[in-house]
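Take a walk through this fold with the model open beside you.

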Amino acid sequence: MLKAFAKINLYLEIIGDRPDGYHELVMILQNIDLADQIDLLASSHDDIRVYCDHPEVPLDKSNIAYRAAKLMVTEFPDAFVKYPGVDITIHKRIPVAAGLAGGSTNAAAVLVGINLLWNLGLTQSELEELGATLGSDVPFCVAGGTAIATGRGEQLSPLPSLENIYIILGKYRSLAVSTAWAYKTYRQQFGSSYIRDTNSLATRAAAVHSGPMVKAILHKDAMEIGHLLYNDLERVVLPEYPQVLQLREVFANAGVLGTMMSGSGPSVFALCESKEQAEQVKLDVRKTIPDNDLELFVAPMSTHGIQVIS
Ligand code: ATP
């Protein structure tokens, strides 16, 4: 049994295009204590099976948790002969298609879990490397905590952990944003301003590495982190989704330290001074937006990406 934690983006800057068709990014990623539970069981049915009762999570080969298990079968065929089946049960709590890496963290849990189940003895960096072939966020989900991610998001530099900072997170159940759509639309609208030469790309990434947000994290200065939250994708998602913009404004007016959309959205989070403040903001937001479609979560930041429970 493993816990697979969601992530938020404290910072997301799109720098330019990469030759492989992805965007060159600089992100600061942070786990939060909102997690799916993943149960992995060796079985004898010579197959990978995925179970999940969430209507938006596919159970077939398109499930990224399935793809993670398939990758392990391909990489370690001898182990699969010895342990010829795996059942993956996903207890979904992380909102789906929400910019919270819900799928990526499930994939990371499967890599970590199968490594243990099959006694493969892979190191964390070997697991991260495997994860990068499944999706750009998977290496961070394996590593967990707080990190700068560059390249397409798969190159990680760890930062000191942030703890005891609470967030409130909101997500409209019926809204889903495709990550591919958000990046494609961004390129269409803002591609002309991309940095094009490799040296300038590296200089820009280095500036973020030593920049104000990293300093605020080193000082664990929640107020400063709140001021410096940044996400380029808000420029395309907020105009398209007025409910998301409204939620962000309601958070901003509730006296929080800062608020921002996470990843490609549509979830929006706000940093709070304390758990009590986060709970109060939750009550206030419920009063201002009395819509059952809006899910609200209060959670502290987490130092874990994946936690092995048993
Ligand atoms: P990211 O932040 O990594 O871009 P996300 O949080 O925006 O991810 P996901 O929750 O990973 O988005 O879901 C994206 C799509 O992936 C969904 O529409 C869903 O159908 C599909 N999917 C495949 N496997 C899973 C999984 N294990 N959990 C959730 N969604 C999955």
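How many nonpolar, polar and charged residues are in the lining of the largest pocket? By class, the lining has 20 nonpolar, 16 polar and 8 charged residues. Here Ala, Val, Leu, Ile, Met, Phe, Trp, Tyr, Cys and Pro count as nonpolar, Asp, Glu, Lys and Arg as charged, and the others, Gly among them, as polar.

A word on the source. This is a predicted model, in which local features need pLDDT of at least 70 and side-chain atom pairs count only at pLDDT 80 or more, while totals for chains, interfaces and linings use all residues. Residues are numbered from 1 along each chain as its sequence is written, and side-chain values use heavy atoms, with hydrogens and water left out.

Back to the pocket. Its volume is about 1000 Å³. A pocket is an open set of points on a 1 Å grid over the protein atoms alone, where a 1.4 Å probe fits, with protein on both sides within 12 Å along at least five of seven lines. Lining residues have an atom within 4 Å of a point. Points are joined across faces, edges and corners, and the volume is the space filled by probe spheres set on them.

In total, 44 residues line the largest pocket. Nearest its centre lie Ala101, Ser104, Asp137, Thr179 and Ser264. Two or more lining residues come from each of strand S1 (2-17), strand S2 (23-42), helix H1 (64-75), helix H3 (102-117) and helix H6 (179-190). Helices (H or I, at least four residues) and strands (E, at least two) are DSSP runs, numbered from the N terminus. H6 gives the largest share, 5 residues. Domain 1 (2-160) and domain 2 (166-300) each supply at least three lining residues; the bounds come from an automatic or database domain assignment.

Now the helices. The axes of H1 and H3 come within 8 Å and cross at roughly 30°. Axes are lines fitted to C-alpha atoms, for helices over the stretch in contact, and angles run from 0 to 180 degrees between N-to-C directions. H1 and H3 are therefore roughly parallel (under 35 degrees; over 145 is roughly antiparallel, 65 to 115 roughly perpendicular, the rest oblique).

H3 also packs with helix H4 (residues 124-132), at about 130° and with axes 10 Å apart. H3 and H4 are therefore oblique to each other. In the loop between H3 and H4 sits asparagine 119. Asparagine 119 has a positive phi of about 50°, although it is not a glycine.

Proline 266 lies in the loop between strand S9 (258-261) and strand S10 (268-272).
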